[in-house]
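These are my notebook entries on a structure that I looked up step by step. I wished to learn how its parts meet.

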Amino acid sequence: MGWNEWDESEYLDCLRSERRGYAWVMRRHGGMTREQAEAAALDWYPYEDPGAPYRGLVFHDEAWHWAMLAIHGDRYAVERPDLGSPSSEYLALE
């Protein structure tokens with residue numbers, strides 16, 4: 001399957017899941033309100049039309065990683081090894 005060959009329901013499920021995880025991290029670790037975190041998740045994970053080049057490429061890393069980059073920067077896993085892997089609370093979101 002290429003990047004632009006997602007089944008629509010599969011794509012939408014993944015999009016919702018990643019938005020939920022990203023917003024959770026931004027609330028829990030980034031100090032955002034629910035509204036701010038949900039807006040940040042929508043910005044980071046916009047809907048991409050079927051056929052868009054590299055549709056869903058952002059899914060190659062978990063929302064945890066993208067949110068930690070936004071909060072702590074490129075070296076978060078080195079400078080904050082405790083945040084290098086998703087927490088059990090984050091993993092329980094599913």
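**Entry 1: a residue and its contacts**

I began with Ala23 and set aside its neighbours within four places in sequence; Ala23 is then in contact with Ala37, Glu38 and Ala41. I note here that the model is a predicted one. I placed Ala23 in helix H1. Is Ala23 buried or exposed? Its relative accessible area is 5%, and buried means under 20%, so I recorded Ala23 as buried. I also looked up Thr33, which lies 10 residues from Ala23 in sequence and 9.4 Å from it in space, C-alpha to C-alpha.

**Entry 2: H1 against H2**

I next asked at what angle H1 and H2 pack. Helix H1 spans residues 8-28 and helix H2 spans residues 34-44; the angle is about 135 degrees, and the axes are 8 Å apart. Angles of 65 to 115 degrees count as roughly perpendicular and those over 145 as roughly antiparallel, and the two helices are therefore oblique to each other. The crossing of H1 past H2 is right-handed. From H1, I listed Arg19, Tyr22, Ala23, Met26 and Arg27 in the contact. From H2, I listed Arg34, Ala37, Glu38, Ala40, Ala41, Leu42 and Trp44. Sorted by class, this contact holds eight nonpolar and four charged residues, with no polar ones.

**Entry 3: H1 against H3**

I then turned to helix H3, residues 63-72, which packs with H1 at an angle of about 35 degrees, the axes being 8 Å apart. H1 passes H3 in a right-handed crossing. On the H1 side, the contact is made by Glu18, Gly21, Tyr22, Trp24, Val25 and Met26. On the H3 side, I found Ala63, Trp64, Trp66, Ala67, Met68, Ala70 and Ile71. The classes here are 11 nonpolar, one polar and one charged.

Which residues of H3 are buried? They are Ala63, Trp64, Trp66, Ala67 and Met68. Their cover includes H1, H2, helix H4 (76-79) and helix H5 (88-91). After H3 comes Gly73, with a positive phi near 90 degrees.

**Entry 4: aromatic pairs**

How many aromatic pairs does a search of the whole structure find? I recorded eight. Tyr11 lies in helix H1 and Phe59 in the loop between H2 and H3, so the pair ties together parts that are 48 residues apart in sequence. Both of these residues, Tyr11 and Phe59, are buried.

A further pair, Tyr22 with Tyr45, is edge-to-face, with 5.8 Å from centre to centre and 80 degrees between the planes. Tyr22 is in helix H1 and Tyr45 in the loop between H2 and H3, 23 residues apart. I found Tyr22 and Tyr45 buried as well. Ring pairs join Tyr11, Tyr22, Trp44, Tyr45, Tyr47, Phe59 and Trp66 into a cluster.

**Entry 5: a positive phi**

Most residues other than glycine have a negative phi. Tyr54 is in the loop between H2 and H3. Its relative accessible area is 55%, and I recorded Tyr54 as exposed.

Notes. Residues numbered from 1 in each chain as written. Predicted model: local features only at pLDDT ≥ 70, side-chain atom pairs only at ≥ 80, totals over all residues. Heavy atoms only, no water. Axes fitted to C-alpha atoms, helices over the stretch in contact; angles between N-to-C directions. Helix = DSSP H or I, 4+ residues; strand = E, 2+ residues; numbered from the N terminus. Parallel < 35°, antiparallel > 145°, perpendicular 65-115°, else oblique. Left-handed = near helix turned anticlockwise from the far one by under 90°. Contact = heavy atoms within 4.5 Å. Nonpolar A, V, L, I, M, F, W, Y, C, P; charged D, E, K, R; others polar. Phe/Tyr/Trp six-rings, centres within 6.5 Å; stacked < 30°, edge-to-face > 60°. Buried < 20%, exposed > 50% of the residue type's maximum accessible area, 1.4 Å probe, protein only.
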